[in-house]
Amino acid sequence: MERIKSVLFKDKHQTRLFCAFALVLILMAILVPDKFFTVRNFQSMATQFPELGFLTIAAALVLITGGIDLSVCGTAVLSGIVAARIMDSNGSSEAGLGVVVGAVAAALLVGLCCGVLNAILVARFGIAPMLATLGTYNLYVGLGIVITEGSAISKFPETFLAIGNGKVLGIPVPALLFVLAIAILGWFLSRTKLGYKLFVFGTNSTASYYSGIHNTKVLFTTYVVGGIVCSLAGLIMFSRTNSAKADFGSSYGLQALLVALLGGVGASGGSGKASGLLLSIITLQFISSGFNLLHVSSFMKDLIWGALLVLIMVLNVVDFKKLRRKTKKAAA
Amino acid sequence: MNSTMKKIVKSNEFFMFAIILVMFCIFGIINPAFFSVANLFDLSRSMVETGILALGVQVVMISGGIDLSFMAIAVFAMHTVSKYMGMYWNDAPFILLVLMGAVIGLVLGLFNSLFIAKFKLPPFIVTLGTTNIFKGLCLVFIGSRQINNIPASMIDFSKTNLISVQAEQGMANLHIGVLILVVLALLTSYMLNKTRLGRSIYCVGGSEASAQRVGLNTVAILAFCYAFLGAIAGMTGVMHASFQRMSNPFDMIGGELTVIAAVTIGGPRVGGGYGSTAGTMLGVLLLTMINNSLVMLKIPTFWQLAVTGMIIILGTIMQIYRYKRSLKNA
């Protein structure tokens, strides 16, 4: 009985999120049906959300372990800039396919290294994840500034631009990559041994240690996978805008956390679903695109996002109290 | 060596002080201009804003919480006061403007504590949400344009100096803001160490459950911490606009992590229940000194952020190491 209740309680968040999603869709259908439900609008939305989406996946993975990763944006920017620098010094916009492949590989490698450094600080030195990643965030963005010397690198070869701007059967490439990533995440979290260990560790790291889980290994995998995912976000971000700058998307870091939390990833660790993340990022993209179409001040978006986050958290708590009262009554 | 001396030498603050002294000497040897009165005055002036904010952030961190929204609160207070007072009462006294900023900040801080202290929601998430709310409210309803028509007393404040000394080139000025920082630091330190409220904050940070068992009103204490930071942030906001001689709603936001970093280097642990005003001020001094001195050391300014990151990482590693060693010795 307890189990069914806990499942119901967890699903309630998803239900609420889905209601918010449906509400936004209905509002758009009433207010701007001719502009919102067009192929072009959906295509432009599908190019915009994946970069934040990838960062959200990385942020969510760390949140599930009970930590907080503030460095996601730093990792994305640094790895994107390394790729940009390689392409820039090897022929700029005339660089061949080999250079592009090399640059992308280098970016992924940088993402991996950033993840390893985070993991060393958190797992080996035992620094609180928030502080460790606060430091590495500054370090990564700082190194990005050093590499670019504070200015922007632009003009990338066509093959690289295809990552962020290309379309397959009318669907933008970033969206395809993101859907693939979410599918892999869902499979990883619910079907693999390591995914299960992640939840156990996030719920109670002492218990996971005594049940024979290699805690350090779990943390390393989380941060390294997170780092690689972040570097993908960086590549897409710079490919879409055809320029690379260190302060690009500096607000994405906290936004990614916000999206993950809205998507039902618990702040104290041990809970979260890939489907919740997908629903949350799409809802938020609908809201911000909708506001654009309605010509509402784009700052209204901040207000709504923040209010949504606080509201959903409060609803969760109020619900929790009701649930406890009911169980007490049942016990009596 | 007697035990008090031993205690002082072993303390985190002494360790920080030693590091700062060593760096101070190294900077001075590389560039003798570092020791000049003008530079020292400039350094203390640069500490003012981060320092005052850090005082508030430290109180919240000692209580075991975290607040990301203080910069948004500062901007909200800054922009509201600058806009409406600039429009309707241009020659209002400065002290009134600062008090207004503090009251606005206090209200927003109480809004935070409603969710954190009353509903027991995680402070990180609540303040992440309220950051967006405050920022959105300010930009949508107060205004998103830079305001140049700020009250005259704010501009006067930016020109008020405590001491002016004849230096090699022009005058070296010690800004009055430094005095405000010192007074606020002393008051905060007194509050944390000598009052019942202050000791209760440490108690709540150490263990909220135990604090409740011994009969402390934890809801009220936590509410005070966030309201205190809100008021401090509101005041700093008004001072920021005065220093800049204009109010730009896109200023300050994004700098919250730097202040948190400065506080963290100075001692408070994320768990709460630990930290001192002296340590916090030393942390602020260390970060400001490094950021301010890179130019004097002929290091290109684009290294600034990377160096800050390295200092935060090394600082926290060192603290963890010292903490573990103290556990072993005990």
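Predicted model: local features only at pLDDT ≥ 70, side-chain atom pairs only at ≥ 80, totals over all residues.
Student: What makes one face of α2(B) the buried one?

Tutor: Start with the residues that are buried in α2(B): B:Asn12, B:Met16 and B:Phe27. Looking down the axis of α2(B), its buried residues fall within an arc of 35°, so they line one face of the helix. An α-helix has 3.6 residues a turn, so residues three or four places apart point the same way.

Student: What do the buried residues of α2(B) pack against, and which residues are exposed on the other side?

Tutor: The buried residues of α2(B) pack against α13 of chain B, residues 277–293. On the other side of α2(B), the exposed residues are B:Ala18, B:Leu21, B:Val22, B:Cys25 and B:Ile29.

Student: Why is B:Leu192 called buried?

Tutor: The cut-off for a buried residue is 20 or more other C-beta atoms within 10 Å. B:Leu192 has 20 C-beta neighbours inside 10 Å, so it counts as buried. B:Leu192 lies in helix α8 of chain B, residues 176–194. Leaving aside residues up to four places away in sequence, B:Leu192 touches B:Gly198, B:Ile201 and B:Thr277. B:Tyr202 is 10 residues from B:Leu192 in sequence, and their C-alpha atoms are 8.0 Å apart.

Student: Why is strand β1 of chain B called hardly covered?

Tutor: Strand β1(B) covers residues 161–166, and the count of buried residues among these six is zero.

Student: How do you know that β1(B) pairs with β2(B)?

Tutor: Pairing asks for at least two bridges between the strands. Five bridges join β1(B) to β2(B), residues 171–175, so the pair passes that cut-off. The two strands run antiparallel, and B:Ser164 stands opposite B:Asn173 in β2(B).

Student: How do you know whether chain B is compact or extended?

Tutor: Compare its radius of gyration with that of a compact globule. For 330 residues the globule value is near 20 Å; chain B has 20 Å, which agrees. The C-alpha trace of chain B spans about 60 × 55 × 35 Å along its principal axes. Chain B has 14 helices and two strands, and 46% of its 330 residues count as buried.

Student: What makes chain A as compact as a globular protein of its length?

Tutor: Chain A has 14 helices and four strands. Its radius of gyration is 21 Å, close to the 20 Å that the globule rule gives for 332 residues, so chain A is as compact as a globular protein of that length. Buried residues make up 46% of the 332 residues in chain A.

Student: How do you know that chains A and B touch, and what does chain B bring to the contact?

Tutor: Contact here needs C-beta atoms within 7 Å. By that test, 37 residues of chain B are in contact with 41 residues of chain A. Helices α6 (123–142), α12 (256–265) and α14 (304–329) of chain B each supply at least two residues of the touching side. The most comes from α6(B), with 14 residues. The side of chain B that touches chain A divides into 25 nonpolar residues, 11 polar and one charged.

Notes
Residues numbered from 1 in each chain as written. Chains lettered and ligands numbered in written order. Contact = placed C-beta atoms within 7 Å. Nonpolar A, V, L, I, M, F, W, Y, C, P; charged D, E, K, R; others polar. Buried ≥ 20, exposed ≤ 12 C-beta atoms within 10 Å, placed from the backbone. Arc of directions from axis to C-beta. Rg over C-alpha atoms; globule rule 2.2 N^0.38 Å.
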